[in-house]
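Thanks, everyone. Please look at the screen while I talk.

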Amino acid sequence: MQGASRGIGLEFARQLASRDDVDLVLASCRNPATAEVLAALGASPKVRVMRLDVEDESSLRDAAALAADHTPHLNLLVNAAGMLHTPDGIGPERRLDGLQPGSLARSFAINATGPALVVKHFRTLLQKADRPVVANISARVGSIGDNRLGGWYGYRASKAAQNQLTRCMAIELGRGPRPVAVIALHPGTVDTDLSRPFQGGVPPDKLFSTERAVRQLLGIIDGVTREQSGRFFAWDGSEIPW
Ligand SMILES: NC(=O)c1ccc[n+]([C@@H]2O[C@H](COP(=O)([O-])OP(=O)(O)OC[C@H]3O[C@@H](n4cnc5c(N)ncnc54)[C@H](OP(=O)(O)O)[C@@H]3O)[C@@H](O)[C@H]2O)c1
């Protein structure tokens, strides 16, 4: 479980840790010292909290080595870390005039490059499991085919890049005797820090709690088949065009 300090990632760690069919949850975040709720969850003997910053590849290498000390294989990797806005002023661009190279680069680093590098470093542990799954938490707005409104250039483009990376790794990791299923998932609009400034026009029944969103996504992950690998699914199981 990657990106477990807050929001959807934290709830994934919580729900997975509560399941009888899960022995161990490796819950990572970039700064465990400030992730107080995750630290409390880490008191469970089933949960190990690890440092992992998707913008720092050496931390990915270290986290994968630490994970291998704790478990012989990994059944599920959830890539949840993501960024739409930051406290230092990065936010969704409405127009071309708002594009800034640094902001775009940061969006790609966190939303696309980082999750792919996580899979690069954890693939060996995944390939030791019987039916391993990688779930990359994407967003419907990353779909090019579904883009009718424009705007949110950096977030949309970095999620589209994440989707292409998902498809590539699904093809590569689907080969050979130890295939790994890789899917992209749209959680719906979920009540977290990421969506909070943009919840205004969202009908109450379309704004999911993290509990509901993760329950829905785990339903998809639990039933994923090899044929579904390399595809993009929404919270209700419907397929989203790339
Ligand atoms: N909420 C929604 O409505 C919605 C809709 C569609 C898709 N999504 C996707 O769902 C995923 C989770 O989003 P959320 O709503 O749970 O957002 P959130 O509450 O803002 O949480 C974002 C998470 O990403 C982590 N993160 C950011 N930069 C990181 C880095 N460099 N290395 C490691 N972790 C980093 C944050 O860690 P820190 O605590 O250290 O900052 C935090 O755990 C994202 O990929 C997002 O794009 C969300």
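A word on the source. This is a predicted model: local features need pLDDT of at least 70, side-chain atom pairs count only at pLDDT 80 or more, and totals for chains, interfaces and linings use all residues. Residues are numbered from 1 along each chain as its sequence is written, and side-chain values use heavy atoms, with hydrogens and water left out.

Back to helix H5, residues 153–174. Helices (H or I, at least four residues) and strands (E, at least two) are DSSP runs, numbered from the N terminus. The expected span of a helix is 1.5 Å times one less than its number of residues. H5 has 22 residues, so it should span 32 Å; its end C-alpha atoms are 31 Å apart, which agrees.

Next, strand S1, residues 25–29. Five of its five residues are buried, meaning under 20% relative accessible area; exposed is over 50%, and partly exposed is in between (1.4 Å probe, protein chains only). In a regular strand, side chains alternate between the two faces of the sheet. In S1, Val25, Ala27 and Cys29 point one way, and Leu26 and Ser28 the other.

S1 runs parallel to strand S2, residues 47–51, with five bridges joining them. Two strands pair if DSSP finds at least two bridges between them. Serine 28 stands opposite methionine 50 in S2. From S1 the chain crosses through helix H2, residues 36–41, to S2, and this β-α-β crossover is right-handed. That term means a clockwise path from the first strand over the helix to the second, with the strands pointing away from the viewer.

Now the cores. A nonpolar core is a set of buried Ala, Val, Leu, Ile, Met, Phe, Trp, Tyr and Cys residues joined through side-chain atoms within 4.5 Å. The largest has 34 residues; Met1, Phe12, Val25, Leu38 and Leu185 have the most contacts inside it. Apart from it lies another core, of 27 residues, Ile90 and Phe122 among them.

Last, aromatics. The structure holds four aromatic pairs. Rings of Phe, Tyr and Trp (its six-membered ring) pair if their centres lie within 6.5 Å; planes under 30 degrees apart count as stacked, over 60 as edge-to-face and the rest as tilted. Phenylalanine 208 and tryptophan 235 have ring centres 4.7 Å apart and planes at 75°, so they are edge-to-face. Phenylalanine 208 is buried, at 3%. Tryptophan 235 is partly exposed, at 22%.
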